[in-house]
Each structure stands twice: as structure tokens, then as C-alpha cells.
Amino acid sequence: MALTGTLVNGLAIILGTLLGLFFRNIPEKFKETALQAVALAILLMGLDMALQVNYIILVIVALMVGGIIGEGLKLEVKFNKFGEMIAKLIQSDQMQSKITQGFITASLIFVVGAMAIIGALDSGLRHDHDLLFIKSILDGFTALVLTTTLGFGVGLSAIPVVLYQGAIALTATRIHQWIPDLFLDEWIIEITSTGGLLIVAIALNMLGLTKIRIANLIPALFVVSILLAGYHLFAS
């Protein structure tokens with residue numbers, strides 16, 4: 001089934017979150033050090049993804065235009081409101097910021113990246129779920145560590161992960177009929193590079209070095225796809 005890898009990934013995030021809730025009573029210094037270690041690993045992963053870029057001008061323009069679109073749509077505010085809504089459901093105003101931070105941070109970490117895209121494509125095109133199974137292990141462990149500090153909002157990221165990867169996997173069952181293999185390969189590289197920069201921003205925020213409104217940059221992922229398609233259209 002095309003969605004097997006995606007569903008396992010979602011369950012791994014939920015399981016990691018549940019395990020993380022049991023370890024929340026460990027000393028704060030241990031949690032802080034563990035989160036910093038994860039942040040450094042995320043920074044390394046983001047840099048590795050970003051440096052794969054082939055069309056750096058397209059990525060720069062996509063980030064600028066995407067950021068403007070995100071600011072106009074007030075995506076960061078809407079993400080915050082979503083976190084507040086969940087917090088109100090459990091009648092705990094003090095948890096609002098934690099839920100929002102956990103949801104946004106985990107969603108971007110788990111959704112953006114080469115493994116999410118390529119793994120979902122493999123699931124849809126070849127019913128090969130090995131890459132998503134590996135991603136599930138990594139995501140589950142990361143969810144556990146993040147949850148010890150950011151709370152159960154991390155588990156909510158399973159929703160966008162399943163929707164995003166599931167949509168790619170289902171589309172991939174027919175995508176080869178519409179998109180040439182050459183463009184598909186380049187699209188994966190450029191969207192991975194753009195996403196890698198967002199991952200770097202996440203790591204910098206986690207380390208307390210910046211306060212980048214990452215959610216407002218998410219449209220850059222769609223903009224870079226449009227720019228790449230336009231480039232190929234006019235170049236040909």
C-alpha cells in the first residue's frame with residue numbers, strides 16, 4: 001500500500017511523544033543539553049540539505065517572495081492561534097506557547113527534507129517504504145527528545161506529516177505520467193535545499209540565537225517549485 005511508510009512514520013512520532021511525556025521529570029539541565037544536542041544535529045542536517053542547491057538564485061528569490069507571502073497571510077499568527085485553540089481545549093493557558101512551539105518546530109523538522117519527499121515518492125512509485133521506515137526511527141527519537149522540553153504539541157506534528165507525505169505518495173502513483181524525470185530530480189534538490197535553510201533557522205531558534213518567524217517562510221517551498229517550473233518552461 002502506498003501509505004504504509006507514511007502511516008508508520010506518523011505512529012512513530014506519536015509513540016516518541018508518549019515516551020517523551022514519561023521522561024519529562026528528568027533534571028532540567030539534562031533536557032537542556034539533550035535539546036541543544038538535537039539542535040546542533042538539526043543544524044548540521046539543514047546545512048547538508050541546503051548545500052545541495054543547484055539554482056541558488058531561485059532559492060534566494062523563493063525565500064524572499066515566500067517570506068512576503070507568509071507575512072501577508074500571517075501564517076505565524078495562525079499557527080499560534082492553532083496552538084492556543086488546542087491549549088484552550090485542555091483548559092491550560094500556560095501551555096499555549098509550548099504547544100505552539102512544539103507543533104511548529106516538530107512539523108517543520110519532520111515534514112521538510114529529502115527523506116520526506118524521496119521516501120514518499122518511493123512509497124508511491126515503487127511501494128518501497130524502507131526510507132520512510134528509517135525516517136520513522138529518526139523522527140520517533142527526535143519527538144521523544146523534543147517532547148521532554150516542548151510538551152505534547154510535538155505529537156500534533158503527526159497530522160501534517162501524514163497529510164504531506166500521504167499526498168506525495170498518492171500523487172506519486174501517477175506523477176510519472178505528468179512530470180519528466182529530469183525535472184522531478186531537480187525539483188527534489190531545490191525544494192530540499194530551500195527546506196534545509198528553514199531547518200537551519202529552526203536550529204538557530206532552538207539554540208536561542210535568533211527569533212526567525214519560520215512559519216512565514218513556508219510558502220517559499222511552493223514558490224521555488226513554481227520558479228523552477230517557469231525556468232524550465234522558458235529555458236526550453
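Housekeeping, then. Residues are numbered from 1 along each chain as its sequence is written, and side-chain values use heavy atoms, with hydrogens and water left out. As the model is predicted, local features need pLDDT of at least 70 and side-chain atom pairs count only at pLDDT 80 or more, while totals for chains, interfaces and linings use all residues.

Okay, salt bridges: a side-chain nitrogen of Lys or Arg within 4 Å of a carboxyl oxygen of Asp or Glu.

Glu71 pairs with Arg213, with the closest N and O atoms 2.9 Å apart. Glu71 sits in helix α3 and Arg213 in the loop between α9 and α10, so this pair ties together parts that are 142 residues apart in sequence. Helices here are DSSP runs of H or I, at least four residues, numbered from the N terminus. Glu71 is partly exposed at 37%, and Arg213 is partly exposed at 47%; that means relative accessible area between the buried cut-off, under 20%, and the exposed one, over 50%, using a 1.4 Å probe and protein chains only.

Now Asp139 and Lys135, N to O at 2.6 Å. Both are in helix α7, four residues apart, about one turn. Asp139 is buried at 7%, and Lys135 is buried at 4%.

Definitions and conventions. Helices (H or I, at least four residues) and strands (E, at least two) are DSSP runs, numbered from the N terminus.
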